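Q: Please take a close look at the aromatic rings in this structure and at how they pair. Then set that part in the context of the rest of the chain.

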Amino acid sequence: MYLKSLQVQHYKSLDDVSVDFAPDVTVVVGPNGVGKSNFVDVLRFLRDAVVDDLEHAVTKREGIQRLLQTYKTKPYKIGIQLNFSAYERDQVADTASYSIQLKSVGSSGYTVESEKAVSAIDELELGILTSHESVARDARGIVTIDDNPPGSQKHSLLEHTIIAYPPETLVLGSKLLGVEPRTIASAITDQIAAWNFCTIYPNTLKKPALPDRDSKLMESGDNWASVIKALKRSPKGREALERIYDAMRAVLPTFEEVSIQTVGSYLVPLFKFRVEGEATLASFDPVQLSDGTLRLFGILLAAYQLPRPKLLVIEEPEQTIYPAALAVLADMFKEIGRSTQVLITTHSPHLVQFFAPSQIRVAVMHNGMTHIRPIHPHQMEAVNEGLLSLEEFMTTEGLRPDDTENTSS
């Protein structure tokens, strides 16, 4: 199952934004300051709310007032809707959707005004739903759960009404007690919880790291040494490391591998390179390597980590990386896109050139509001006909969204 579309209202600079995603790689292109990071933070906010809880997600962002759009008269509600679709026959769900509306209360309070999750499977591909779950919550906190397909006359033991559900707590991911313990809307919960974000910077990777039991790479990369060590323990992990090493060798031909050294209570990765005329490998501490080398390795580690994320989000992967190495990253994104959905934000024409126009979404800002749309049809047609490349458009007139007449200043 992959994220098919996202609609957002009144979240930071996003007044009313609707974005369709490619099932493999989607690239959001735009200069700094147009709201690309705010768009990514909507997804991060939902992941934090599901993995931790809603209160943590709001508090982490300094309160609901910091999340509300600041434009003219500030609105008092935030709306988010996700739509999912299946990768062929993955049997998790053929279609699924989740929506939530948060209402600001007073100067700093908030409440969940509405929440709805629906997932369905048509196992026989005959247009007849064989599995269906609907969860709806209203402004009073009343939650109705029904696992009957629409039109079904059978009685469901899992049809519940829960009164006075906590106003600052998500129904999504909660445990349903009574008939059988289960996670409410588990398919959607598992999907969002498996989203991974990568904002790795070299200074973080140059610091000695304490051992960490979590095999999931932290967004900052703080536990990267532990993740490498964990990958070395299993055949699949070693295979993933070899994919990383192969990509590194495409940029640095003498690169061989990374080993983990224990220094006191810390773990220190050592990068090993071949030296012409010598039998032994030369070892380099991360502080001895270039920022570009470290960040390239960190992004590759995020991409090939196990278990693979359902969605991998990387902001501006081109930072500190030599432009010639971006082709390696682009190939990697396309490869993992077969099993992991990828979302990239960038302002690099050198990176954008490696993707199809249909994978590009253009971010612009007009009157303090972010707009994210596909490429303007005229530019799309010119690229498809080979008249100009995406890189040439970006370095000359710039990429334009398909509603330029409504968003240009």
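A: Two rings of Phe, Tyr or Trp count as a pair if their centres lie within 6.5 Å, with the six-membered ring used for Trp. Planes under 30 degrees apart are called stacked, those over 60 edge-to-face, and the rest tilted. The model is predicted, and it holds 9 aromatic pairs.

Ring pairs join Trp224, Tyr245, Phe255, Phe271, Phe273, Phe284 and Phe297 into a cluster. Two of the pairs can be followed through Phe271. In one, the ring centres of Trp224 and Phe271 are 6.1 Å apart and the planes meet at 35°, so this pair is tilted.

Phe255 sits in strand β13 (residues 255-263) and Phe271 in strand β14, so here the parts tied together are 16 residues apart in sequence. Phe255 has a relative accessible area of 0% and is therefore buried. The value for Phe271 is 0% too, which puts Phe271 under the 20% cut-off for buried residues.

Another ring has a charged neighbour: Lys334 lies over the face of Phe355, at 5.7 Å from the ring centre.

As for the chain as a whole, it has 13 helices and 19 strands. Of its 409 residues, 50% are buried. Among contacts between residues at least 6 apart in sequence, 57% join residues at least 24 apart. The accessible surface comes to about 18800 Å², and carbon and sulfur atoms account for 51% of this area.

The largest pocket has a volume of about 240 Å³. Its lining includes Arg47, Asp48, Lys60, Phe197, Asp214 and Glu219. Helix α1 (36-51) and strand β12 (195-198) each supply at least two lining residues, and the largest share, 3 residues, comes from α1.

Some backbone details remain. Leu306 and Pro307 are joined by a cis peptide bond, with omega about -5°; Pro307 lies in the loop between α8 (291-304) and β16 (311-315). His10, in strand β1 (residues 2-11), has a positive phi of about 65° although it is not a glycine. With a relative accessible area of 23%, His10 is partly exposed. Glu316 also has a positive phi, near 45°, without being a glycine. Glu316 is found in the loop between β16 and α9 (326-336), and at 12% relative accessible area Glu316 is buried.

Glu316 leads on to His347, which touches Glu316 along with Gly30, Pro31, Asn32, Glu318 and Met394, leaving aside residues up to four places away in sequence. His347 is in the loop between β17 (341-346) and α10 (349-352). At 32% relative accessibility, His347 is partly exposed. The C-alpha atoms of His347 and Pro317 are 9.7 Å apart, and the two residues are 30 apart in sequence.

Methods
Residues are numbered from 1 along each chain as its sequence is written. This is a predicted model: local features need pLDDT of at least 70, side-chain atom pairs count only at pLDDT 80 or more; totals for chains, interfaces and linings use all residues. Side-chain values use heavy atoms; hydrogens and water are left out. Helices (H or I, at least four residues) and strands (E, at least two) are DSSP runs, numbered from the N terminus. Buried means under 20% relative accessible area, exposed over 50%, partly exposed in between (1.4 Å probe, protein chains only). Contact means heavy atoms within 4.5 Å. A charge sits over a ring if NZ of Lys or CZ of Arg is within 6 Å of the ring centre and within 35 degrees of the ring normal. Accessible areas come from the Shrake-Rupley method with a 1.4 Å probe; for residues, only the protein chains shown count as cover. On a 1 Å grid over the protein atoms alone, a cavity is a set of points where a 1.4 Å probe fits but cannot get out, and a pocket is an open set with protein on both sides within 12 Å along at least five of seven lines; lining residues have an atom within 4 Å of a point. Grid points are joined across faces, edges and corners, and a volume is the space filled by probe spheres set on the points.
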